[in-house]
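Hi there,

Here is the structure I promised to pass on.

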Amino acid sequence: MAPEFHYTSRKEMEPRPGVRFATTYYKQTQAEYARLRSHIYRVAAEIMAACDSDLDIYRWWTRPLKGYKKTAGANYTPSEIVTDMVEQFVKQKDLPSGMLGRWNRLFANTDYDIRLVSGRPAQETTYGKLFNYA
């Protein structure tokens with residue numbers, strides 16, 4: 001099941017001249033941002049390790065995907081999708097919806113998928129720590 005991450009707000013940008021769509025960015029708390037960054041880094045590391053040991057996975061990793069068009073007309077490779085996401089977090093920038101959409105299409109129905117939910121994660125209370133033992 002896809003892990004759940006929370007965002008506190010969305011910021012929709014205006015379309016640039018000559019572009020018919022606008023980008024939406026997801027703002028997260030520092031803790032949620034760090035959790036999401038860890039998830040993305042873990043996924044990238046697992047895929048890179050798999051590429052080192054399996055030639056078929058490496059071929060998939062480097063082959064352009066149908067239906068994943070870039071603005072320039074070429075198709076994204078899985079490598080580019082994951083690298084873009086890692087670089088976004090290395091630069092410590094908010095997550096754009098287009099990048100998230102490509103990631104989720106690539107990893108649909110896997111543990112690598114990312115589910116963003118509005119709001120803050122529930123905080124465990126002292127009462128819960130003391131009395132909610134399961």
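Below is what came out of going through the model, from the overall layout down to single residues.

First, the ground rules. This is a predicted model, in which local features need pLDDT of at least 70 and side-chain atom pairs count only at pLDDT 80 or more, while totals for chains, interfaces and linings use all residues. Residues are numbered from 1 along each chain as its sequence is written, and side-chain values use heavy atoms, with hydrogens and water left out.

**Overall layout**

The chain has 5 helices and 5 strands, where helices (H or I, at least four residues) and strands (E, at least two) are DSSP runs numbered from the N terminus. Reading from the N terminus, the order is β-β-β-α-α-α-β-α-β-α. Of the 134 residues, 31% count as buried; here buried means under 20% relative accessible area, exposed means over 50%, and partly exposed lies in between (1.4 Å probe, protein chains only).

The accessible surface of the chain is about 9100 Å², and 51% of that belongs to carbon and sulfur atoms. Those areas come from the Shrake-Rupley method with a 1.4 Å probe, and for residues only the protein chains shown count as cover. Among contacts (heavy atoms within 4.5 Å) with a separation of 6 or more, 53% are between residues 24 or more positions apart.

**Salt bridges**

Side chains of opposite charge can pair when their charged atoms come close. Taking a salt bridge as a side-chain nitrogen of Lys or Arg within 4 Å of a carboxyl oxygen of Asp or Glu, the count is 7. Here are three of them:

- Asp94 and Lys27 meet at 3.8 Å, N to O. Asp94 sits in the loop between helix 3 (78-90) and strand 4 (95-96) and Lys27 in strand 3 (residues 24-27), so this pair ties together parts that are 67 residues apart in sequence. Both partners are partly exposed, Asp94 with a relative accessible area of 26% and Lys27 with 41%.
- Arg59 pairs with Asp56, with the closest N and O atoms 3.2 Å apart. The two residues are 3 apart in helix 2 (residues 55-62), so about one helical turn separates them. Arg59 is partly exposed at 39%, whereas Asp56 is exposed at 54%.
- Glu80 pairs with Lys70, and their closest N and O atoms are 2.8 Å apart. This pair links distant parts of the chain, with Glu80 in helix 3 and Lys70 in the loop between helix 2 and helix 3, 10 residues apart. Glu80 is partly exposed at 27%, and Lys70 is partly exposed at 25%.

**The largest pocket**

Rolling a probe the size of a water molecule over the atoms shows where empty space is left. The search ran on a 1 Å grid over the protein atoms alone; a pocket is an open set of points where a 1.4 Å probe fits, with protein on both sides within 12 Å along at least five of seven lines, and lining residues have an atom within 4 Å of a point. The largest pocket has a volume of about 600 Å³, which is the space filled by probe spheres set on the points, with grid points joined across faces, edges and corners.

Which residues lie nearest its centre? They are Phe21, Thr23, Tyr25, Pro96 and Arg102, out of a lining of 23 residues. Helix 3 and helix 4 (97-106) are the elements that give two or more residues to this lining, and helix 4 gives the most, with 4. By type, the lining divides into 9 nonpolar, 5 polar and 9 charged residues. Ala, Val, Leu, Ile, Met, Phe, Trp, Tyr, Cys and Pro count as nonpolar, Asp, Glu, Lys and Arg as charged, and the others, Gly among them, as polar.

Gln92, in the loop between helix 3 and strand 4, has a positive phi near 55° although it is not a glycine. Gln92 is exposed, at 62% relative accessibility. Asn109 also has a positive phi, of about 60°, and is not a glycine either. Asn109 lies in the loop between helix 4 and strand 5 (115-118) and is exposed, at 80%.

Is Thr77 buried or exposed? Thr77 counts as buried, at 10% relative accessibility, and is found in the loop between helix 2 and helix 3. Leaving aside neighbours within four places in sequence, Thr77 is in contact with Trp61, Thr62, Arg63, Pro64 and Leu65.

Best wishes
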